[in-house]
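Biologist: Could you walk me through this model before I set anything up with it? I'd like to go from the overall picture to single residues.

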Amino acid sequence: MTGELSGYDAVAEARSVRNVLDIHWSRICSRLQAEVGEVEYRTWLKQISIGPVDGDEITLNLPTRFLRDWVRTQYGDRLSALWNAELPSIRRVELQVGRPDPVVEPEGASGDEAGSADVAPVAGTVDERVAEARSELSRHDLAAPLDPRFTFDTFVVGKPNEFAYACARRVAERPSSPGFNPLFLYGGVGLGKTHLMHAIGSELTRGGKVSVAYMSAEKFMYRFIAAIRSQSTMEFKEQLRSVDVLMIDDLQFLIGKDNTQEEFFHTFNALVDAGRQIVVSADKSPSDLSGLEDRLRTRLGCGMVADIHATTFELRISILESKAAASGVPVPAKVLEFLAHKITSNVRELEGALNRLIAHANLFGRPVTLEATQDVLHDILKAHDRRVTIEEIQRKVAEHWNIRLTDMSSARRARAVARPRQVAMYLAKQLTSRSLPEIGRKFGNRDHTTVMHAVARVTELMERDSAFAEDVELLRRMLES
Ligand SMILES: Nc1ncnc2c1ncn2[C@@H]1O[C@H](COP(=O)(O)OP(=O)(O)OP(=O)(O)O)[C@@H](O)[C@H]1O
């Protein structure tokens with residue numbers, strides 16, 4: 001790679017500005033999907049296409065007037081807020097009845113990067129594009145604003161994230177400490193990387209003495225391309241290199257974007273050499289980010305690398321408890337447990353589900369119950385459907401009554417063990433297509449009549465004892481829905 005971009009590269013990358021809007025839009029769509037659920041999203045929001053940006057306003061098109069009106073009343077504010085969070089220069093969203101903009105092939109684009117996946121064509125002559133880009137660049141702040149909700153206080157710490165949390169705290173207390181620069185946070189989607197970065201930023205800027213620039217890698221690319229188009233790369237570099245702390249989120253986005261990677265590499269070196277702090281997040285560790293330049297990966301890995309592991313049940317419960325308490329709406333422990341069992345993939349989805357429940361409770365003034373939860377979150381829960389296995393049933397039931405998993409197949413007959421075992425057999429009959437003899441075999445080679453007896457006994461007990469019935473019902477819902 002060379003230090004400067006050729007004119008050809010510059011124009012080619014400049015063409016992707018429109019594509020960058022598409023990228024922002026696809027991120028917004030993912031968020032909306034997580035927030036409102038698959039069904040609502042498909043019914044109302046999927047039909048939106050993005051139109052032009054004019055000043056601080058972006059136009060979104062919908063195919064019919066009815067859809068436009070509905071989306072405007074139901075989601076208008078949320079769409080504006082999400083666009084503003086992605087691109088702070090956008091403050092308003094105009095919803096129109098219309099079709100997507102036709103894509104215009106630019107001059108001189110033939111079989112080059114214009115056809116590649118990350119570069120979409122943009123209309124206009126080079127001069128027009130430069131002028132447009134300049135005004136666009138001047139409208140944007142260097143960095144995205146920090147989200148005041150993402151602080152250390154609101155971050156719930158547990159085993160899976162305690163190391164990353166401790167490293168983030170340390171950087172916020174003493175930036176540029178040896179061994180902690182760069183700080184590289186990595187982990188799966190929605191596990192709190194952005195939250196921790198914003199928390200570091202908020203902590204550091206509190207005194208007003210430290211300048212922090214936080215931006216996503218996409219935004220970094222977008223800014224860089226806009227600078228190239230407006231022939232102001234020097235200003236862009238100077239701006240970036242004047243901050244005390246630079247934080248780049250979702251670095252994996254730069255994979256395959258060689259020119260932007262190169263620019264980032266130079267900025268990175270300039271800042272670290274000047275004793276400034278860098279914080280980077282990605283979905284993988286530096287060594288696993290194949291597609292990033294080797295020298296960049298090496299530099300990224302030479303400070304502190306901290307991973308955020310997948311959440312545990314305990315952490316999910318703590319997060320839900322904390323978010324429910326902050327909302328002021330009482331949410332029964334059983335509902336929190338249910339959610340923490342069902343939605344295990346990422347915290348964003350978990351939070352989205354809880355938010356929907358709370359919004360529903362507020363809107364209709366009804367208490368949150370397990371039944372309401374099943375109803376309101378029907379689509380989300382369905383997306384988390386899985387085939388239930390007997391082993392899973394045994395594990396959940398053993399956990400629930402706090403007995404050893406081996407007791408599911410042991411010969412012990414004490415009631416504390418025998419009753420949960422009967423419940424597990426009952427659930428195996430209800431939730432799987434296994435035959436009675438097959439179920440018996442999984443429970444320490446028991447006879448099919450033992451399973452029949454267990455099913456009858458549990459059914460009878462459920463009729464007599466409502467607390468017991470509720471327990472079994474909760475387990476069934478957790479395993480099944
Ligand atoms: N430990 C936690 N305590 C409280 N909230 C959390 C925690 N972990 C994640 N969250 C919340 O979950 C949501 C998603 O987190 P965040 O955006 O930080 O994830 P991410 O790891 O950056 O995801 P992505 O890979 O999509 O960029 C945020 O609203 C965040 O506040």
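This is a predicted model: local features need pLDDT of at least 70, side-chain atom pairs count only at pLDDT 80 or more; totals for chains, interfaces and linings use all residues.

Biologist: What does the chain contain in terms of helices and strands, and what share of it is buried?

Modeller: The chain has 21 helices and eight strands, and 37% of its 481 residues count as buried.

Biologist: What is the strand order in the open sheet?

Modeller: Five strands make up that open sheet, in the order E5-E6-E7-E4-E8 and with parallel pairing. Strand E5 (212-216) and strand E8 (304-308) are the edge strands, each pairing on one side only, and on average neighbouring strands are turned by 15 degrees against each other, direction ignored.

Biologist: How many bridges join E4 to E7?

Modeller: Four bridges join E4 to strand E7, residues 277-282, and the two run parallel; for Phe-184, the bridge partner in E7 is Val-280.

Biologist: And which helix packs on the sheet there?

Modeller: Helix H8, residues 217-229, packs on the sheet and touches both E5 and strand E6 (245-249), with its direction making about 100 degrees with that of E5.

Biologist: Switching topic, what does UniProt list as "binding site"?

Modeller: The UniProt entry, which is unreviewed, lists Gly-190, Gly-192, Lys-193 and Thr-194 under that heading.

Biologist: Take Gly-192, then. Where is it found, and is it buried or exposed?

Modeller: Gly-192 is found in the loop between strand E4 (183-187) and helix H7 (193-205). It counts as buried because 27 other C-beta atoms lie within 10 Å, where the cut-off for buried is 20 or more. Not counting residues up to four places away in sequence, Gly-192 touches Phe-155, Asn-161, Ile-308 and Val-347.

Biologist: What about Lys-193, and what does it touch?

Modeller: Lys-193 is found in helix H7 and, with 26 C-beta neighbours inside 10 Å, also counts as buried. Leaving out residues up to four places away in sequence, Lys-193 touches Leu-185, Gly-187, Asp-249, Ser-281 and Ile-308; Ile-308 is also among the residues that Gly-192 touches.

Biologist: Why does Lys-237 count as partly exposed?

Modeller: Lys-237, which has its place in helix H9 (residues 233-241), counts as partly exposed because it has 16 C-beta neighbours inside 10 Å, and that label covers values between the exposed limit of 12 or fewer and the buried limit of 20 or more. Its C-alpha atom is separated by 7.2 Å from that of Thr-267, 30 residues apart along the chain.

Biologist: Last topic, the nonpolar core: which residues have the most contacts inside the largest one?

Modeller: The largest nonpolar core has 75 residues, and those with the most contacts inside it are Ala-168, Ile-200, Leu-246, Met-247, Val-279 and Leu-339. Its largest share, nine residues, comes from H8, and the core draws at least three residues from each of domain 2 (159-308) and domain 3 (313-383).

Biologist: What is Ala-168 in contact with?

Modeller: Leaving aside neighbours within four places in sequence, Ala-168 is in contact with Leu-196, Ala-199 and Ile-200. There is also a second, separate core of 19 residues, which includes Val-36, Ile-50, Leu-62 and Leu-79.

Note on methods. Residues are numbered from 1 along each chain as its sequence is written. UniProt positions are given in the numbering used here, feature names are shortened, and annotations may be inferred rather than shown by experiment. Two residues are in contact if their C-beta atoms, placed from the backbone, lie within 7 Å. Two strands pair if DSSP finds at least two bridges between them. Axes are lines fitted to C-alpha atoms, for helices over the stretch in contact, and angles run from 0 to 180 degrees between N-to-C directions. A nonpolar core is a set of buried Ala, Val, Leu, Ile, Met, Phe, Trp, Tyr and Cys residues joined through C-beta atoms within 7 Å. Domain bounds come from an automatic or database domain assignment.
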